[in-house]
Amino acid sequence: MAENAPDPRTQHTDDEFPAQEQNQPGLTEEMRPEPDHGEQSYVGRGRLEGRRALITGGDSGIGRAVAIAFAREGADVAIVHMPEEQQDADETLALIRAEGRQALGLAGDVRDEAFATDIVAQTRSAFGGLDVLVLNAAYQHDIDGFENLETERMRRVFETNLFGLVYTARAAYADLEPGASIIVTSSVQSASPSPGLIDYAMTKAAQVAFVSALAEEAGERGIRVNAVAPGPIWTPLIPATGWEAERVQTFGQDTPLGRAGQPAELAGAYVYLASAESSYTSGSVLAVTGGKHL
C-alpha cells in the first residue's frame with residue numbers, strides 16, 4: 001500500500017471506547033480517548049484567505065475541528081458555545097489565534113432568540129463582515145421507548161437544533177454577499193433514524209429540508225447553502241447522550257469501515273463547502289458517515 005494512503009479502517013483506531021458518561025453538554029478533557037480535531041494533522045493551503053466565519057457549537061468536537069481548519073486556511077473565526085463550555089472554548093480560541101487569525105468567543109444559548117440573533121452582529125462588528133456561517137450547535141439524548149419521551153427534553157432538542165439554527169441564519173441572511181456560504185451540520189440520522197434518537201432525527205431531517213429550500217432562494221443572490229451529514233463521530237455529545245456503557249464502547253462499529261470517525265475527518269468537508277472549490281455546489285448534503293447510506 002502506498003505510504004500516503006493509510007487504511008481507513010484503522011487510520012485512527014478500531015478499538016472499543018472505555019465506558020464513560022458525562023452530563024450535557026459534555027467536555028473534551030473528560031473524554032477517553034480525547035478526540036482528534038486535527039491539531040497535529042490539518043495542513044492549510046490558503047483556501048479561505050481573508051474570509052470571516054461564525055461557527056455555532058464551535059468549542060469542541062466537529063466545531064473545533066472546523067475552527068482549526070478554517071483558521072489554517074486563512075479565515076478569522078468566531079465560535080459560539082455554552083457558558084459551561086468555557087474551558088473548551090478557550091482552548092479552541094487559542095488554536096485559532098496560534099494561526100495568526102482573529103478569534104472571537106461568544107458564550108450563550110442559541111435557544112435564546114436575542115442571543116442567537118446578536119451573535120451575527122457581534123461577529124460582523126469584530127471582523128468587518130461575515131462570509132461563512134456554520135450552523136453546528138446540537139443537542140441529543142437517549143430515549144428508552146417512545147412512551148418515555150419527555151416534553152421538556154424534546155423541546156430542548158427542537159429549540160437547539162431548529163429554532164436556534166433559524167434565528168442565526170435569519171439574522172445573517174439579509175446582509176450576506178455573493179460568494180457567502182451557509183453550512184448546516186445535519187446527520188446520518190436524517191435518513192436512517194434510530195428510535196432512541198427520534199426527536200433528534202426529526203430535527204436533522206428538517207435541517208435537510210431547510211437547506212434545500214433556502215438554497216433555492218439564496219442561489220439567486222449568489223449564496224450557497226449546503227449540509228454535512230456526519231455519521232458516528234467521537235465528540236463530547238456521545239458520552240453525554242445517556243447511553244449504556246456497551247453502546248458507548250461499541251460506538252461506530254456498525255459502519256462499513258468498522259469504527260467511529262474523528263472530528264478531524266470532517267474538517268475537509270466544511271472547508272470544501274466554504275471555499276470557491278465548491279462554487280457549483282448548493283442544496284447538497286455531503287455524507288461523511290464511514291460508509292453508512294443516507
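Two strands pair if DSSP finds at least two bridges between them; strands (E, at least two residues) and helices (H or I, at least four) are DSSP runs, numbered from the N terminus. The model is predicted, so local features need pLDDT of at least 70 and side-chain atom pairs count only at pLDDT 80 or more, while totals for chains, interfaces and linings use all residues. Residues are numbered from 1 along each chain as its sequence is written, and side-chain values use heavy atoms, with hydrogens and water left out.

Strand β4 (residues 132-135) pairs with β1 and with β5, as tabulated.

From β4 the chain passes through helix α4 (residues 151-173) to β5 in a right-handed β-α-β crossover (with the strands pointing away from the viewer, the path from the first strand over the helix to the second runs clockwise). Strand β4 is covered on both faces: Val132 and Val134 are buried on one side, Leu133 and Leu135 on the other (buried: under 20% relative accessible area, 1.4 Å probe, protein chains only).

Helix α4 contains asparagine 161, which is buried with a relative accessible area of 0%. Its side chain makes a polar contact of 3.1 Å with that of threonine 203 (a pair of N or O atoms within 3.5 Å, one able to donate a hydrogen and the other to accept it; residues adjacent in sequence count only if both atoms are side-chain atoms). Beyond its neighbours within four places in sequence, asparagine 161 is in contact (heavy atoms within 4.5 Å) with residues including Ala137, Tyr139, Tyr200 and Gln207.

Methods
Buried < 20%, exposed > 50% of the residue type's maximum accessible area, 1.4 Å probe, protein only.
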